[in-house]
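The following note collects numbered remarks for a reader who is new to protein models. Please keep the sequence and the structure in view while reading.

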Amino acid sequence: MDLIISLIPLLPLAGFILIGVLNKKLPKGMVGIISNTTVLSSFIISFYLFLSFIKGADSYSTELFPWINAGGLHLGLSFMVDHLTAVMLLVITGVGFLIHVYSIGYMQHDEDYPRFMSYLNLFVFFMLLLVMGSNYVVMFAGWEGVGLCSYLLIGFWFKNTDYNNAGRKAFVMNRIGDFGFLLGMFLIYQTFSSLDYKEVFEAAKNYPKGDPTITAITLLLFVGAVGKSAQIPLYTWLPDAMAGPTPVSALIHAATMVTAGVYMVIRSNVLYMLSPFSGEVVAFIGMITALMAATIGLKQNDIKKVLAYSTVSQLGFMFVALGVGAYTTGLFHVVTHAFFKALLFLCAGSVIHAMGGEQDIRRMGGLKKYLPVTHITFLMGVLAISGIPLFSGFFSKDEILAATWVHSPLMFVVMAFTSLLTAVYMFRLYWLTFHGDFRGTHHQQEHLHESPSVMTAPLMVLAILSVIGGFMGMPHWMSEKLGVHHVFNEFVAPVIYSPKEFILSHTFDFSLLIGTIVALAAVYYFTRKMYVADKVVPEEDSETKSFQKVLANKYYVDEIYDAVIRKPLDAISEMFYKIFDINIIDGIVNGIPKVTNLTASAARMLQTGRLGIYLVVMVIGVIYLFAFKLLL
Amino acid sequence: MNTIVILSVTGIAAMMSDVFKLKKALFGLSLLGLLIALVFSVYDWGQYATYFNQMVLTDNYAVVFTTMLIGITFLWFLMSKDFFSSHSSASEHYALILFSLTGGVMMTNFSDLTILFLGLEILSIALYILAGSDKGNLFSNEASLKYFMIGSFATGFLLFGIALIYGATSSFNLQEISAYVQQHNGSLPMYFYAGILMILTGLTFKVSAVPFHFWAPDVYDGSPTLVTTYMLSVVKMAAFAALYRLFIYCFAPVYEFWIPVFAIMSAVTMLLGNITAVYQKSLKRMLAYSSIAHAGYMLMALASPGGTSRSALMFYLLAYAISTLGVFNVLYQVHKVTGREEIKSVKGLFRKNPFAAIMLTLCMLSMAGIPPVAGFFGKYYMFVSTLNGGLTWLVLIAVLSSLIGVYFYFKVIIAAFQEPELENTAYYRQPSDLTVLYICGILSLLLGILPQFVAGLL
């Protein structure tokens, strides 16, 4: 059994190697079969593991080989599966498999289809490595690997310079975060002389609450999470990352990779528990990010950009949950979010597919009758993310809101407002895309068609999951009535160190429920009136005014970064290049060959080819030798 | 012991094969003789025996070096199959190579200064002739004559040194000399030390150490390419085996006297060899200078004797000999087909035969000392052993001069991957002509990945 778990990541790796090496020599059908079966097999094994956990298994671990042995540092390339990993495994391989299936339809006609599928497999491998590592270094290897795959896939259509720049931006932003992660690891090793989860967490339990070293470690690790999970101030890469093919946005930039930061914080919950200050920072950053991204989402007109900002916002929700100590709730939201956000992205892909590459919702409208399946599934996703009661997003989001209420009512107000905004921009997106009149060109209208079933089938599966996925974590009042437990919390509980209880009075729960319903009904009514009845279409970019313009331009954060960081850096490096590099470094580098060449030509002079001179020099050498050793 | 006999017999048989009209079987016969000798050599592993009144000695050191010498010669035979068959005097040339190898084996097995001298002369005299074996070529004749003249001169020094040592210790036997020196350390006459310097001169001449290196570029460049290959690989190996054995086994008690000489010689040799090689346009001449530089690195083993210097020297020699054979295989074929020897004549090799170009790259990387090939570990072991010997300054110079080396070794690699100068450039008659290159490239890589298997032998 312990050995079998190493198959989970190795199968997608094998798929990557096979497809990567044979590439276009493989028939397209085989590419799809290989990439899909490897991920499906991983999913089956993961599911089997999951069942064994339900039956009461504790954890599995195995070491493939010793990896680094240096001084006191002994690290193995070792895997570990516990309850937390099991949940992540199901999400990664399950949602990953559905997106692989979808990709067959979506990418089939791309000339680089095999390369795309091999990258997807490679990504799944690295993501599994990330969640299955039994120490921080293996996690970091996976962490870097998914970053690489993200870069490769954002710039998949590498002939477009903008896409390449987007990939580079993602990579650079992530590197900033990775730097923090690395420093955090160094500090962990210095403090605990180990990087193994078990050893570190055991040792950490002896530290007092609020220990400054632990606070430093957790903050540094969080810097890594901020980069990978696109939080303020490093979130700007995620909207740009939408340059990649849509399945990539669904898999990497919505369902899995961006939740790596959340996973890392949950994995290190022992450390975060010991540092209330870090918790405050995490919650605060999460809150600001959630609010800010939601406001930007209100004014975006690119279907994928709206979803991207929504992802940033939802990730903010997760971090708020982690920050206030509700780790299982955060993970719960990771799972439900994976369902509905992957669904929304794939639906968006289906729409883009039908529209012939058009992504601007101002050119859409009325797609309901052309894309019936996509329409229904998209609606399910919208209902889920908006938190309509009994849809999956409702359960996880209400749990987060409840936890913030316990922590700080002010934070609760901000988060409640943010979830309202979520509903607003999602419904706006929905109405503008699927209702009203078609606003695209005549040519586009003729081509509108529902996607093939290989694409719609994953949509349906994800839609079902988005609808019912929440029932594994029912709120207290509901589970009490039905006599079932909060299955999700109980499953993950063993991984959490001294879990907090966030039980509220039923009055609160009910008022929250009522408030949610009323607010959502209002949102539904007003957005419908505005975008369907009054047929309001967002104005063209040039006509946008005042604060709306600030929102449409994403608070000018990219421009501010450009002015505050990039330009001064460019100026400094320009200066160093002109003064230091050209004069000093180049001078030295060019000087060495000059001296060498001069010496060489001098030495060559001695090699005259005349025997007599050779003998004389040889004798001189012997005389020197004697003088050197015997006479002095 | 048996090895020496078998090699001599094979040599004599090769010489007489002409008479018995067995010329066709000559090649197979020689290879067979080498294989049998190889088996007997390996068979002696772990045994310690002396022969001929303690004049010849077999121990693990001798076994390792003998095996390496025969193995390298075997590879050399494989790559020069067509050279001698095209010659009218093929049997003599085969015989001379085999005799020369016999001399080399004697130089690793000696336990007596007379055997050292005999071995060196058997090795050298055969080479004087071989250097001039391209009779119609003026440069070949010049090389032969120069080599002979300066070689005789150096032999004079060696003999004089042996005489002085005998005068001081009244023995030719290594053990006896060593015991005598141990006993009388501090009260040895001045001419004993003079004897050491004389022997040192004679032997460092053979390994082409500065300032006794002047013959090397001319001889290496002028001799037929295959003979040069043999000199660079087998002869250098035998000479270093003898030098190391003599100084470690015999003059160890007075090491303080000769260590500085080797250290300075080593530094000057590697610097001068590498710097001069930078300027060469001819691949052959560049490799001749680079061989001088490599001698400098190998001398580091004598500058810091003891510890792991023995296995470091062994590994370095092996890595160097293998990569030399590989590169010279290419050079020989290119020269044979196009008559050119410049570095740029390998341009476009990758286009024509990617595998050959990659193997050539491995060999060049090995020479430059870049991981993961054998040459890197040769240098690594050597530097570690020298650092342990306390000669940090020497290692610094060695690292710096390696950097210079990278420059000209990479010229060859870059050329191999560049576009060809002429369309349809021929680099060889048929791909199998480069078999030895493939073997050497793969061996370099294997030794680089699993160096401890060989380095652990000594």
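1. In this predicted model, the side chains of B:Asp59 and B:Arg245 form a salt bridge, with N and O 3.0 Å apart. The term denotes a side-chain nitrogen of Lys or Arg within 4 Å of a carboxyl oxygen of Asp or Glu. B:Asp59 sits in the loop between β2 (56-58) and α3 (60-79) of chain B, and B:Arg245 in helix α11 (residues 225-249) of chain B, so the pair ties together parts that are 186 residues apart in sequence. Both B:Asp59 and B:Arg245 are buried. Buried means under 20% relative accessible area, exposed over 50%, and partly exposed in between (1.4 Å probe, protein chains only). Helices (H or I, at least four residues) and strands (E, at least two) are DSSP runs, numbered from the N terminus.

2. Salt bridges that share partners also link B:Glu142, B:Lys146, B:Asp218, B:Asp221 and B:Arg285 into one network. Over all chains, the structure holds 22 salt bridges.

3. On conventions: residues are numbered from 1 along each chain as its sequence is written, and chains are lettered from A and ligands numbered from 1 in the order in which they are written. As the model is predicted, local features need pLDDT of at least 70 and side-chain atom pairs count only at pLDDT 80 or more, while totals for chains, interfaces and linings use all residues; side-chain values use heavy atoms, with hydrogens and water left out.

4. In chain A, a salt bridge joins A:Lys159 and A:Glu111, whose closest N and O atoms are 3.9 Å apart. A:Lys159 belongs to the loop between α5 (136-154) and α6 (161-192) of chain A, and A:Glu111 to the loop between α3 (83-107) and α4 (113-132) of chain A, so this pair ties together parts that are 48 residues apart in sequence. Both A:Lys159 and A:Glu111 are exposed.

5. A:Asp562 and A:Arg566 both lie in helix α25 of chain A, four residues apart, which is about one turn of the helix. A:Asp562 is partly exposed at 25% relative accessible area, and A:Arg566 is partly exposed at 40%.

6. Helix α25 (residues 557-606) of chain A also contains A:Ile584, which is partly exposed at 41% relative accessibility. A:Ile584 is one of the residues of a nonpolar surface patch of about 920 Å², including A:Phe576 and A:Ile592. Patches consist of residues with over 30% relative accessible area and no salt bridge; like charges are joined within 9 Å, and nonpolar side chains (Val, Leu, Ile, Met, Phe, Trp, Tyr) within 5 Å. Accessible areas come from the Shrake-Rupley method with a 1.4 Å probe; for residues, only the protein chains shown count as cover.

7. Among the buried residues of α2(B) are B:Leu26, B:Phe27 and B:Leu34. Seen down the axis of α2(B), its buried residues fall within an arc of 160°, so they line one face of the helix. The arc is that of the directions from the helix axis to the C-beta atoms. On the other side of α2(B), B:Val39 and B:Tyr43 are exposed.

8. A:Phe50, in helix α2 (residues 28-54) of chain A, is buried at 18% relative accessible area. A:Phe50 and A:Thr85 are 35 residues apart in sequence and 9.6 Å apart in space, C-alpha to C-alpha.
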